[in-house]
Amino acid sequence: MTETVAPEFADFIRAERQASRLPQAATRTRMAEGDVFPGVFIAAARLDPLLRVAARRAAGFFRATKRTEVVWVQGDSELAVNFAAVSVQAGDGTLLVTLPVRCDQVGKVNVGVLFAVGSPNAPAGLYAATAGRPSGPEPVVAAWSEALVAFAWNCLLELVGGMAAAVGKDQRGNLLVPVELSARRQGIEIVPMARFRFSGSSTLKSSTSKSPAVKP
């Protein structure tokens, strides 16, 4: 998750406030560390466009771009991932992320990554579980399962993190972070929270993991 807010996320939060579905900016409430803000609900019909913004950022593009794909390289293998056409289907405690990909062996195909997350009746914070191998053609998942699962999860993290950050800042001026994600068929809800202070630091630094080499 990044420390900048996508304009599309800010526009969504602004519209929710104008429609009185969300309280005003968090900074006006002087949120102290650990305080939570009312949940941000995203209806199922609005998820795909917002997830595509998140996928673009997860792919390394933080501004509007005409590019729609990234190409992952691993040894002699390459896989093109269409981050501009990802989609997600919400269920009761589940999120199915669909990634359109293409390669020489199978052409254009879809890979599905199913995450078990919290639900309104069974909150689970930001914990999620998924299978080690996504669903899709064997030549693709055999070579790229780990990277595909990681990318799908990063897309969701960019979405929930970006939405929480768009809500506002805490009393120390830090963007809010997500503390809970829940899903139901009607959509998802994200609960923003003011960050805790660790070891005297006023901000949290996100850790990064190694990803496949990417050719934009």
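S182 makes contacts with G118, S119, P120, G187, I188 and E189, once its neighbours within four places in sequence are left aside. The model that shows these contacts is predicted. S182 is part of strand β7. Is S182 buried or exposed? Its relative accessibility is 5%, and the cut-off for buried is under 20%, so S182 counts as buried.

In general, strands of a sheet pair through backbone hydrogen bonds, either parallel or antiparallel.

Look next at how β1 meets β8. Strand β8 covers residues 187–193. β1 and β8 pair in the antiparallel sense over four bridges. Which residue of β8 is the bridge partner of V40? The partner is I190.

What does V149 touch, leaving aside its neighbours within four places in sequence? Its contacts are V113, F115, T130, A131, G132 and P134. A131 and V149 are 18 residues apart along the chain, and their C-alpha atoms are separated by 8.7 Å.

Now move to another strand pair. Strand β4 runs over residues 87–91 and is mostly covered. Four of its five residues are buried. β4 pairs with strand β5, residues 94–103, in the antiparallel sense. Five bridges link the two strands. In one of these pairings, A90 has L95 of β5 as its bridge partner. β4 and β5 form a hairpin with two residues between the strands. In that hairpin, G93 takes a positive phi near 80°.

The cysteines come next. C103 is buried, with a relative accessible area of 13%. C155 counts as buried too, because its relative accessibility is 1%, under the 20% cut-off. A disulfide is a covalent bond between the sulfur atoms of two cysteines. How many disulfides does the structure hold? The number is zero.

Step back to the whole protein. There are three helices and nine strands. Read along the sequence, the pattern is α-β-α-β-β-β-β-β-α-β-β-β. The protein has 216 residues, and 42% of them count as buried. Which share of the contacts with a separation of 6 or more joins residues 24 or more positions apart? That share is 60%. The accessible surface comes to about 11,200 Å². Carbon and sulfur atoms account for 50% of this surface.

Return, finally, to the starting point.

How values were computed: Residues are numbered from 1 along each chain as its sequence is written. This is a predicted model: local features need pLDDT of at least 70, side-chain atom pairs count only at pLDDT 80 or more; totals for chains, interfaces and linings use all residues. Side-chain values use heavy atoms; hydrogens and water are left out. Contact means heavy atoms within 4.5 Å. Buried means under 20% relative accessible area, exposed over 50%, partly exposed in between (1.4 Å probe, protein chains only). Two strands pair if DSSP finds at least two bridges between them. A disulfide is a pair of cysteine sulfur atoms within 2.5 Å. Accessible areas come from the Shrake-Rupley method with a 1.4 Å probe; for residues, only the protein chains shown count as cover.
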